[in-house]
Amino acid sequence: MKRTLLIGGVALAFFFAGCSKQPTLQNATETNQTATQTQTTENQTAANPAESVNTENAKVEEQNLQGMNVSVTQNNQQFAKKLASIVIYFDFDKYNIRQDQWPKVEELAKLIKENPSNYTVRIEGNCDEWGTEEYNYALGLKRANSVKNALIKLGVDPKKLTVISYGELNPVCTAHAKWCWRKNRRDNFTYLP
């Protein structure tokens, strides 16, 4: 009897020792599923190599589009800076374009026509501090429309242009002198995406 118990105990010990080294049913199932998925993926790639090429092409296209977006943004920023650098000046109480300012209008027209993207240029009319606020607002609007009409005659799409008047509310110089007032009688240009 002692011998039977001893043999039974040793057998149980071997049994439990062996069970601990065996994968559980769950681990075996997961291993089989992973192997099946890997094999399925390999079979799909082997059966349809064009699909993996298409995936690679899609990734490359996405990277190219991101690069193009950065490039377009940089171009738009440069365009906006060029627009902002152009200022057209007017004589006291006038809205007709001075002869010496026509080259700037032509440069502006060329710049707008060369940039085909979808945007609007805001023409901003400004005045000096002389006159009433209402009068200066109307004069600023006439100045902006004067340049807008000139740009349209030079071939700029009217849909790309909008006007606004700031009257005397947007001075670049605040000294009470003739040289300063001359700087405030102007049109500025702003890029609107």
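1. In this note, a residue is called buried when its relative accessible area is under 20%, exposed when that area is over 50%, and partly exposed in between, as calculated with a 1.4 Å probe and with protein chains only. By that definition E124, with a relative accessible area of 7%, is buried, whereas R122, at 22%, is partly exposed.

2. The model is a predicted one, in which local features need pLDDT of at least 70 and side-chain atom pairs count only at pLDDT 80 or more, while totals for chains, interfaces and linings use all residues. Residues are numbered from 1 along each chain as its sequence is written, and side-chain values use heavy atoms, with hydrogens and water left out.

3. Overall make-up. The protein chain holds six helices and four strands, where helices (H or I, at least four residues) and strands (E, at least two) are DSSP runs numbered from the N terminus. Along the sequence these elements follow the pattern α-α-α-β-α-β-α-β-α-β. Of the 193 residues in the chain, 24% are buried. The accessible surface comes to about 13,600 Å², and 56% of it belongs to carbon and sulfur atoms; such areas come from the Shrake-Rupley method with a 1.4 Å probe, and for residues only the protein chains shown count as cover.

4. Contacts along the chain. If we count contacts (heavy atoms within 4.5 Å) with a separation of 6 or more, residues 24 or more positions apart account for 75% of them. Q77 lies in helix α3, which covers residues 49–85, and it counts as partly exposed because its relative accessibility is 48%.

5. The sheet. In what order do the four strands lie in the open sheet? The order is β1-β4-β2-β3, and the pairing is mixed, two strands being taken to pair if DSSP finds at least two bridges between them. The edge strands are β1 (88–89) and β3 (161–167), each of which pairs on one side only. Helix α5 (residues 133–153) packs on this sheet and touches β1, β2, β3 and β4 (186–192), with its direction making about 155° with that of β3; the axes behind this angle are lines fitted to C-alpha atoms, for helices over the stretch in contact, and angles run from 0 to 180 degrees between N-to-C directions.

6. Strand by strand. Strand β2 (residues 120–126) runs parallel to β3 and is joined to it by six bridges, and within this pairing E124 has I164 of β3 as its bridge partner. Strands β2 and β4 run antiparallel and are also joined by six bridges, with I123 partnered by F189 in β4. Two bridges join β1 to β4, again antiparallel, and there Y89 has R186 of β4 as its bridge partner. Strand β4 itself is mostly covered, since five of its seven residues are buried.

7. Salt bridges. Side chains of opposite charge can pair when their charged atoms come close. A salt bridge is defined here as a side-chain nitrogen of Lys or Arg within 4 Å of a carboxyl oxygen of Asp or Glu, and a search of the whole structure finds four. One of them is formed by R122 and E124, whose side chains meet at 2.8 Å, N to O. Another joins D100 to R98, the closest N and O atoms being 3.0 Å apart; D100 is partly exposed, with a relative accessible area of 48%. Residues D91, R98 and D100 are linked in a network of salt bridges.

8. A link between distant parts. D128 forms a salt bridge with R185, with the closest N and O atoms 2.8 Å apart. The two residues are 57 residues apart in the chain, D128 being in the loop between β2 and α5 and R185 in the loop between α6 (178–184) and β4. Are D128 and R185 buried or exposed? Both D128 and R185 are buried.

9. The disulfide. When a disulfide is taken as a pair of cysteine sulfur atoms within 2.5 Å, the count comes to one. It is formed by C173 and C180, whose sulfur atoms are 2.1 Å apart, and the link is left-handed, with -130° about the S-S bond. C173 is buried, with a relative accessible area of 12%, and C180 counts as buried at 0% relative accessibility. Another cysteine, C127, counts as buried at 2% relative accessibility.
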